[in-house]
Each structure stands twice: as structure tokens, then as C-alpha cells.
Amino acid sequence: MDELMEIQERMRSQRPVNWEQLPDFPLYMDQVLSYMDRQILRFEEDDGLTSAMVNNYTKSGLLPRAEGKKYNRTHLAYLTAICVLKRVMSAKDMEMVLSAQLEQRQNVGEGYDQFRDSLGKALNLITEMMEAYNQPEDIADAAIHFALLAYAAEVASSRYVALLRRQRQPEEPKKPQKVSRKERRKQEKEAAEDA
């Protein structure tokens, strides 16, 4: 149960730094990777950010291009959001949601701080719920409970993403309905009779 206490403590205390605390000087790739290890909550060694991942996020348009070979605080903000959201959302959906959120804000810093606040609230909520499951016999129930919460959150998130997608896509022009020859002749005949 010590492991659960450690997890709860890390979830309560470990948060990405706010915008003003992100480095305000350019970083090289190895520095970015090292920084991101401290920026996000991780429990496994093999789930860290790699340079190949950063390059793929850039190629897909999810992450802005580096300035030369250097990354700034905007890149770190995007990478923080990407590293958190990649567990629950496709890259395509992340790109749409992040760009929509930024359009509603004055700048990347404001959007990042809003993201960070929402993450903090979510982690605090789950940490409080974990306190009800602190006995060895509660582990299976807790695993099911949190899996169901994740399921419910994914259902809600996917509906919001679908709504956002519909909002952002221009309406396609309606295609004319196909009319059979027989129906077309009937319409032409009726039009000729009316004339």
C-alpha cells in the first residue's frame, strides 16, 4: 500500500510548471527530452518522450517546427499537452482541440496555463477518490472503478471532440439527389404542362 500512497502523493504534488516558469531560452533536443521527463507525471521508464516522437509530432503539424535546432517555451507547452493527451486522444483530435483552445485565448501561455489548471483539477479529483481504496482488498474494486471513470471520461471527451469537429468543418454543399429517368421525365412533363 506504500506504492499507492506514493502514487497519490505524486499526483497531488507533481504538476507541469506554469508558463512563466518554463525556460525562456532556447533548448536543444536532448535538453528538451530531459526537461520533459520532469515536466510530466510518469511511472514507467519506457513511456518517456523520444526525439523520434518529437520529430513525428512536428511532421504531422501537431508541434510547431523548431527554430533552427532549438525549441522554446511554446514547444515545451505543446509537448506537455501532447504527452498528457496522447494516452487518451488521437494526434488528429489533439491537433484540433489544441488549436481550438488556443483560438479562444490571447496567446499560447494563456492556453497552456488553462490546460495546466484543468490537469491539476483532474489529478486532484482522482487523488481524492483514491483515498476510498486504500486497503489491499480494495485493489480490484479500485481498478474497475477507475477504469469505468476513464471509460465515462472518454465517452464524454469523444462527444465533445465530435461536436467541435462539426463546428469547425464548413458545411458541405448538398449534392443533388439522383432522380431516375422515369421520375425526371415525369417532372419534365409536369413542368411542360404548367407552362
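1. A salt bridge is taken here as a side-chain nitrogen of Lys or Arg within 4 Å of a carboxyl oxygen of Asp or Glu, and by this rule the count comes to four. The model is predicted, so that local features need pLDDT of at least 70 and side-chain atom pairs count only at pLDDT 80 or more, while totals for chains, interfaces and linings use all residues. Residues are numbered from 1 along each chain as its sequence is written, and side-chain values use heavy atoms, with hydrogens and water left out.

2. One of these salt bridges joins Arg 116 to Asp 117, with the closest N and O atoms 3.9 Å apart. Arg 116 is partly exposed at 22% relative accessibility, and Asp 117 is likewise partly exposed at 40% (buried means under 20% relative accessible area, exposed over 50%, partly exposed in between, with a 1.4 Å probe and protein chains only).

3. Glu 9 and Arg 12 meet through their side chains in a salt bridge of 3.6 Å, N to O. Both residues lie in helix H1 (residues 2-13), three residues apart, which is about one turn of the helix; helices (H or I, at least four residues) are DSSP runs numbered from the N terminus. Glu 9 is partly exposed at 41%, and Arg 12 is partly exposed at 36%.

4. Arg 12 also forms a salt bridge with Glu 131, where the closest N and O atoms are 2.8 Å apart. This pair links distant parts of the chain, 119 residues apart, with Arg 12 in helix H1 and Glu 131 in the loop between helix H6 (108-130) and helix H7 (139-168). Glu 131 is partly exposed, with a relative accessible area of 44%.

5. Taken together, Glu 9, Arg 12 and Glu 131 are linked in a network of salt bridges.

Key:
Helices (H or I, at least four residues) and strands (E, at least two) are DSSP runs, numbered from the N terminus.
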